[in-house]
Amino acid sequence: MTLRERAVPLPVRTCELVTASELEARARALLDAGFRLAMVAGHDDGHGDGLRAVYVFCAGPPDRRVELQIRLDPNRPAVPSLAAWSFPASRFERELADLFGIEPLGHPFPRPLVRHQHWPRDWFPMRRDAGASPPLRVGAEPFPFVAVEGPGVYEIPVGPVHAGLIEPGHFRFFVVGETILKMKARLWFVHRGVEKLFEGRPVSDGVVLAERISGDTAAAHALAYCLAVEDALKIEVPRDVQLLRAVVVELERVTNHVADLGALCNDVGFGVAQAYALTLRETLLRLAGEVTGHRLLRGAIRPGAATLRRVPTGAELADVAARVERLVDLATSNAVVMDRFKGTAVLPRPDAEAIGVLGVVARASGVAVDARIAHPFCDFGADLVPVVEASGDVLARFSVRAREAAASLRLVEALAGRARSLEASVGGLPQRGGSGLGMVEGWRGTIVHRVEVDADGHLTRAKVVDPSFLTWPALSVALGDTIVPDFPLANKSFNLSYAGNDL
Amino acid sequence: MQLRHVDAGSCNGCEIEIAQAFAPVCDAGRFGARLVASPRHADGLLVTGVVTKNMAVPLQMTFEATPRPRVVVACGDCAVNGGLFAGAYGVAGSVHDVVPVDVEIPGCPPEPSEITEALRRLTGR
Amino acid sequence: MSTAAYFIGLGAASAAALLGAVLPARRRLLAAAVLSAAACLAALVGAGDVLVSGHAFSVHTAQVLPLTGVDLSLDPLGALFVAATAVVGLAVSCYSVGYGVHATPSRIATATLPAFLATLLLVPAAASVATFMVAWELMALTSLLALLTDHRRRRETRDAAQWYAAMTHIGAAAILLGLVLLAAHAGGQSFAAIAAHRRQLSLPLTSVVFVLTLFGFASKAGAVPLHVWLPRAHPEAPSPVSALMSGAMVNLGVYGILRVGEDLLGGGEMWWWLVVAALGVVSAVFGALHAAASTDTKRLLAYSTVDNVGLVLIGVGAAGALAAGGQQALAGLVLLAALFHLVNHALFKGCLFLGAGALQHAAGTRDLDRLGGLARKMPATAIFFGAGALSISALPGLNGFASEWLLFEGLLQGFASRSAVTVAALLAGVATLAITGGLTATAFVKALGVGFLGQPRSEGAGAAREVGPSMLIGMGFLAGGCVVLGIVPGVVLPVIDRATTAGLVAGASRAIRPGLGLALASVHSEIDPGLLVGGLLVALVVAWGAVRLAPRSAELRSPRRAAAWGCGRDLQTARMEITATSFAEPLQRVFADVLRPDHDLEVTHTAESRYFPEAITFHQRVDDAVERVVYRPVMAAVAWWGHLARRVPNGSVHRYLAFGFATLVLVLVVLA
Amino acid sequence: MIGTLATLVATSPGLLARVGASALQVVAVCVGGPLLLGLMGKIRSRAEGRVGPPITQGLLDLRKLVRKEAIRAEHTSAVAALAPLVLVSSAALCAAITPLVTARPVIAGGADVFAVVYLLLMGSVALALGGLDAGTAFGGMGSSRAMTVGAISEPALLVAVLALAIQAHTSNLPGIVNASLSHPEWLASPQRLLALAALVVVVIAETGRIPVDNPSTHLELTMIHEAMILEYAGPDLALVTVGEAMRLGLLLGLVANLFFPWGIDASGGGLAMLVGLVALGAKTAAIAASVALVEVSTAKLRLFRVPELLAGGFVLAAVAVTTGLVAR
């Protein structure tokens with residue numbers, strides 16, 4: 001650590017306005033060059049300006065961000081489908097169709113994604129002129145799952161109200177006995193309309209909403225939002241702001257990984273480990289309360305600022321590290337637990353890459369994506385490397401979490417040691433319009449926020465991509481060789497967010 | 001007191017604190033409260049979150065599936081009054097707009113001790 | 001009296017066959033049924049008289065068959081089988097009225113059922129090699145005809161008939177060879193003469209005779225590996241015929257083993273009976289496993305017959321081995337248990353096959369994967385089928401429990417035996433009894449639960465309605481028998497004991513103490529199923545009362561009907577119910593080494609990405625491993641013969657008749 | 001049955017005493033079963049660092065459940081209503097005839113190994129059919145799993161007790177217990193130890209404990225036993241719960257008395273019965289506690305490892321029988 005240490009500068013983002021016909025070639029060139037499609041955002045600029053679609057591509061390291069924008073025909077808004085080259089694009093396009101009524105031309109699988117059957121077909125909630133939400137249609141047709149035919153096949157419907165403390169989502173299993181032939185997830189039960197709630201808020205007010213996108217990821221979502229706002233307003237935050245924010249996000253990672261380690265044990269009936277993990281999580285939640293003033297780490301990260309009450313002490317961190325190690329030991333030394341983890345719900349690397357999964361799931365399948373390295377908002381130091389496992393099974397996802405929790409604890413200590421104050425900010429926010437992008441490696445994976453701000457400092461659009469959105473489809477692929485009773489374990493090992501996905 | 005948890009549109013913050021309420025430190029279980037797998041086995045519902053339009057019918061069905069006498073606990077600000085999400089286009093309302101609420105636990109999210117205290121009042125121990 | 005009654009029975013059955021062939025459509029059905037029922041009643045009286053009095057009768061006439069004449073004799077052993085056939089036949093006759101009403105069967109079909117019944121009544125009374133073989137061949141012929149009549153144009157039926165014809169004729173040939181060998185060396189072809197000369201026969205000869213006839217009889221009884229015709233023929237035959245096949249005809253295989261092994265050959269060597277017991281063990285386990293994996297109701301029942309015949313053979317084999325080892329009393333007990341189980345099997349399997357017929361009648365399918373929800377549409381059928389299913393699962397208070405208990409106790413007593421081989425066989429028998437118990441319960445919970453409970457899985461099942469009264473009476477009669485023998489097994493045991501005495505050379509009787517329950521005479525081991533049922537009812541009433549009288553507010557007093565809990569999702573369809581295939585799948589995985597299921601999952605997806613499926617189809621088959629491993633290679637090897645065989649049993653009834661008569665003539669010529 | 005009753009009345013002056021002893025055993029199992037479950041839950045809670053619900057929670061819950069409303073699914077037949085009753089009454093009958101408090105034959109000849117196993121099977125079949133009746137995916141899945149596990153565990157149970165029956169030369173349970181009382185040296189015989197091991201595996205499977213089933217799971221897809229009863233509410237659920245608890249109490253009591261018969265009432269008289277009751281409670285509590293301790297330290301097996309475990313149990317039982325036969 002030296003006094004000459006400087007803050008990480010604002011990232012560079014190139015924006016291109018393309019026509020519909022150019023989009024495909026340009027997108028393919030970027031994908032071929034190693035970029036991934038991080039976001040497709042629809043925009044309704046209102047006042048007859050019509051609709052616009054923004055494609056965000058990113059790659060790193062070094063941190064590169066490219067935006068392609070196309071304006072759409074107001075009479076028949078449509079985009080050419082990129083589904084054949086990018087699986088993530090197929091999902092974003094279905095979302096565009098449901099929320100904005102933008103038709104993806106040539107999409108091979110153009111069925112609803114966000115829209116539930118009882119929503120009116122021609123009502124697009126994200127359009128400016130959508131108006132009040134119409135009444136629900138009752139007795140609407142069920143979702144058209146591609147059914148598995150054949151004698152003896154039956155369907156196990158699970159959810160949306162799950163047994164246990166699980167968020168709502170519907171899973172449809174096509175099985176013969178205990179053999180899963182196919183599983184389809186039907187989500188968006190907790191679709192509240194969060195993105196629209198952002199619109200019209202002053203930029204400083206958006207952060208409380210960002211903190212409630214997914215309660216367990218309050219810090220990372222808040223940070224991604226703040227980075228996007230700062231990018232839009234062209235604010236360079238001081239180094240200490242960056243360091244304190246990183247401390248908070250890493251604490252969140254540790255807390256959630258610990259909970260997941262315990263939950264994985266619980267799903268194989270090893271309650272003692274779960275109890276141990278929950279006790280440890282209570283310690284971490286209380287520590288969070290002391291560090292930020294809120295057990296879920298809310299309130300510390302604000303646009304242009306970061307405020308802590310104190311930093312975790314070395315002793316506290318060492319104690320947590322020792323208990324994490326003990327927890328992992330408890331699980332790995334149990335033969336039955338290991339037997340359940342090993343070889344269960346394998347997500348092969350080619351599938352992980354093709355589907356574009358992120359975060360823990362990707363790294364457990366050997367894909368070394370980590371926004372802390374690809375798109376750093378802070379100087380994490382040279383010894384931060386992605387934690388990668390090759391086997392792609394539940395054990396790999398368990399191990400990635402265990403190793404990342406330990407690494408994050410070390411990182412917290414290092415980052416906290418480098419911060420010179422507990423409170424830092426840029427002062428007041430400038431009144432300026434623009435668009436900005438924020439990318440943060442949350443504990444689940446890379447979170448991307450993109451905001452557009454008008455000249456008064458009000459949000460005109462906020463688009464949120466939780467890593468769950470891109471990772472959910474991989475779950476059913478990983479079930480290829482899995483039996484029905486192992487599904488909860490497989491699902492828990494992914495532990496994707498419903499709230500963050502559904503928005 | 002057996003409770004069936006229903007997430008009607010929560011950000012999952014309340015779920016964290018409910019889990020902590022039943023975890024070793026708070027141990028709501030020692031007062032006879034328990035989370036169960038089926039509403040048929042339950043004496044009441046523990047509802048979190050605003051009620052989204054997509055969850056309104058499932059919440060109602062869960063309520064109907066619970067044998068009488070039954071109670072409904074609305075856990076967290078969103079469940080009590082919609083919280084920050086009141087008025088969003090995908091939101092049907094707070095819990096009492098959909099099913100009758102007997103007990104409210106305010107907070108965003110409520111602390112485990114507050115949840116435990118509310119459950120303790122229900123079990124009468 | 002017994003003689004007259006028995007012959008009136010035979011005559012009435014023949015008359016039924018005749019009238020069935022000549023009367024016009026409407027009348028022949030009723031006439032044949034009434035006469036068949038009368039025949040069964042008469043035969044039951046005759047056989048019952050023999051069993052109760054213990055006096056056999058015999059008749060010789062030179063007029064009927066040229067060259068040899070006919071020898072008929074009914075001793076208690078034969079009478080037991082006649083009685084069992086008569087009971088099943090009575091139910092079947094009654095049932096066939098309603099079964100035929102919807103689609104009037106052809107003349108041949110109407111005629112063959114009583115004819116088949118007549119041969120079934122005839123075989124146990126045959127008292128000479130010639131008479132026996134003629135009766136046996138007639139039984140084979142009539143059963144083949146009965147199997148073919150209704151659906152001979154279906155490929156599966158023709159296929160089943162080919163298998164059945166092949167197996168039954170190979171079996172008959174083996175029996176013929178064995179008996180002719182015996183008759184040639186014993187200096188006479190009447191059974192009495194053979195039995196009188198058996199001490200002069202050499203051991204190698206008797207062993208060859210036993211093995212030959214065992215092969216033939218085991219193929220009729222459906223013992224593994226000679227069972228392959230059963231799961232094909234039973235599903236394809238009309239249900240009254242299946243009921244007779246499983247409830248009466250397979251019994252005669254057991255009868256033949258006892259008649260030849262114990263009566264004619266005098267018990268012979270211990271290893272003979274250990275072979276029988278081994279056949280029993282293999283059959284029971286294999287049959288039970290396949291029954292648990294089957295999804296076709298009648299195929300399931302057919303495999304369950306293989307299972308139960310296995311249990312009977314375990315008893316027969318153990319009894320023979322014990323008798324050969326000099327433990328007559330114990331042998332008597334075990335054989336008693338085996339024969340009791342055989343009688344019980346006749347009752348519940350007859351009932352189940354009739355029930356399966358009612359299902360097929362009402363729902364248009366016997367595939368469990370397409371049934372469901374029938375308990376509410378066909379409550380009486382459900383109760384009768386349920387009684388049969390629970391009986392076969394050996395639940396206390398029903399007859400399956402009584403005979404399995406007796407078999408279990410009998411085998412257990414044998415553990416005191418000095419012979420290590422016998423003890424090993426008994427241990428295998430007990431273990432088999434234990435293993436098949438759980439598997440059978442699984443198979444029948446599946447049949448009952450998937451077939452009758454839940455929601456209908458097809459339009460046919462949804463439109464099903466209760467069958468007519470005559471069919472219900474037929475099923476109810478047998479179901480009632482299951483219940484009565486389950487609660488007071490003591491009433492029939494002395495009668496069966498008499499057959500046991502006749503069945504074993506040295507004749508050990510009085511294995512049980514008289515009474516309504518089950519009580520062994522030799523050791524302190526007893527159980528009173530009636531008392532168990534009584535206790536169960538008391539407990540049930542107390543539990544019901546305790547729940548009913550619990551303090552509760554008035555509005556909560558009666559149960560509320562609500563949609564099944566579907567995790568808060570509103571659409572509950574029949575596709576979301578477990579299927580029979582799925583119900584059996586875990587067990588299939590566990591026993592994959594034996595069952596060898598064959599899976600196939602076809603996925604077609606869009607050209608753009610394999611993550612967008614367009615259609616997915618799954619197929620699974622569970623073939624009979626014995627058929628695949630043993631028979632197919634043999635069949636391939638004798639392809640030249642197969643060429644011929646394909647031409648002979650091509651589904652034409654005339655060919656079969658010609659084929660059968662040719663065999664008959666051959667039998668007579670050889671014997672003369 | 002009437003005839004038997006008549007002879008019973010005529011021949012045994014102690015008929016009332018016998019009926020009283022049976023009733024006592026039924027009540028003991030009925031109350032003791034939920035308490036044993038409570039004890040096991042308490043041990044688990046303690047091991048996890050929680051206080052946990054009181055041991056009597058199960059009984060309190062039962063009292064509450066019978067006062068609630070019963071709900072039956074739309075498409076159910078009489079089976080759904082009957083299944084809980086059959087489960088309870090078959091368990092009660094087992095409790096009445098098995099030597100638990102007293103080793104004197106309670107119903108003459110009733111307490112046969114075979115009868116007890118098949119009475120337990122009756123309860124399993126009833127529950128499995130009840131699970132299928134509502135036509136839900138979970139109910140059917142649970143039934144299928146329970147029957148698969150039962151198809152392997154019940155033979156193991158039968159064969160394991162058989163090993164003792166051979167030693168005692170009777171399949172009559174009071175007979176086995178009495179024989180064990182007069183031959184304490186049998187306890188250490190190899191066949192007994194093997195049979196005990198087999199029986200413990202069976203008891204864990206039959207009562208749905210870890211590592212076979214997880215009684216505290218909330219995940220429908222992993223359930224074996226609870227999946228079958230997701231549809232039951234109120235009084236029906238109370239019956240199912242008490243029936244399951246009774247089966248646990250019964251099996252633990254059976255293991256206790258078959259292998260550690262001391263304390264059981266063999267002579268008759270009120271005091272002996274009281275001693276028998278206390279001994280039963282102490283022995284079953286000790287076994288329940290050790291099962292719970294094992295449970296805490298292990299996890300639930302993968303579904304298709306369960307048959308392997310049970311097959312292992314069956315083999316142990318078969319070896320026990322063989323050892324017994326060789327040792328004769």
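These legends walk through close-up views of a predicted model. Local features need pLDDT of at least 70 and side-chain atom pairs count only at pLDDT 80 or more, while totals for chains, interfaces and linings use all residues. Residues are numbered from 1 along each chain as its sequence is written, chains are lettered from A and ligands numbered from 1 in the order in which they are written, and side-chain values use heavy atoms, with hydrogens and water left out.

**View 1. Strand S5 of chain B is paired with S3(B) and with S7(B).**
Helices (H or I, at least four residues) and strands (E, at least two) are DSSP runs, numbered from the N terminus. Because five of the five residues of S5(B), residues 71-75, are buried, this strand is largely enclosed by the rest of the structure. Here, buried means under 20% relative accessible area, exposed means over 50%, and partly exposed lies in between (1.4 Å probe, protein chains only). B:Val71, B:Val73 and B:Cys75 point one way, B:Val72 and B:Ala74 the other. In a regular strand the side chains alternate between the two faces of the sheet. Two strands pair if DSSP finds at least two bridges between them. S3(B), residues 44-48, joins S5(B) in the parallel sense through five bridges, and B:Leu45 has B:Val72 as its bridge partner. S7(B), residues 103-105, also runs parallel to S5(B), with three bridges; look for B:Cys75 opposite B:Ile105.

**View 2. Strands S1 and S2 of chain C form an antiparallel pair.**
Five bridges link S1(C), residues 57-61, to S2(C). One place to start is C:Thr61, whose bridge partner in S2(C) is C:Val70. S2(C), residues 70-74, is mostly covered, with five of its five residues buried. C:Val70, C:Leu72 and C:Leu74 point one way, while C:Asp71 and C:Ser73 point the other way; all are buried.

**View 3. Three strands of chain A form an open antiparallel sheet.**
The order is S11-S12-S13. S11(A), residues 301-302, and S13(A), residues 423-425, are the edge strands, each pairing on one side only. Three bridges connect S12(A), residues 305-307, with S13(A), and A:Thr307 has A:Glu423 as its bridge partner.

**View 4. Helix H15 of chain A is mostly covered.**
Seven of the eight residues of H15(A), residues 487-494, are buried.

**View 5. Chain D helices line the second largest cavity.**
A cavity is a set of points, on a 1 Å grid over the protein atoms alone, where a 1.4 Å probe fits but cannot get out; lining residues have an atom within 4 Å of a point. This cavity has a volume of about 290 Å³, the volume being the space filled by probe spheres set on the points, with grid points joined across faces, edges and corners. Of its 25 lining residues, D:Ser124, D:Ala146, D:Ala205, D:Glu206 and D:Met228 lie nearest the centre. H5(D) (113-133), H6(D) (137-168), H8(D) (190-206), H9(D) (225-228) and H10(D) (234-259) each supply at least two lining residues. H6(D) gives the most, with seven.

Methods
1 Å grid on protein atoms, 1.4 Å probe; cavity = no way out; pocket = protein on both sides within 12 Å on 5 of 7 lines; lining within 4 Å.
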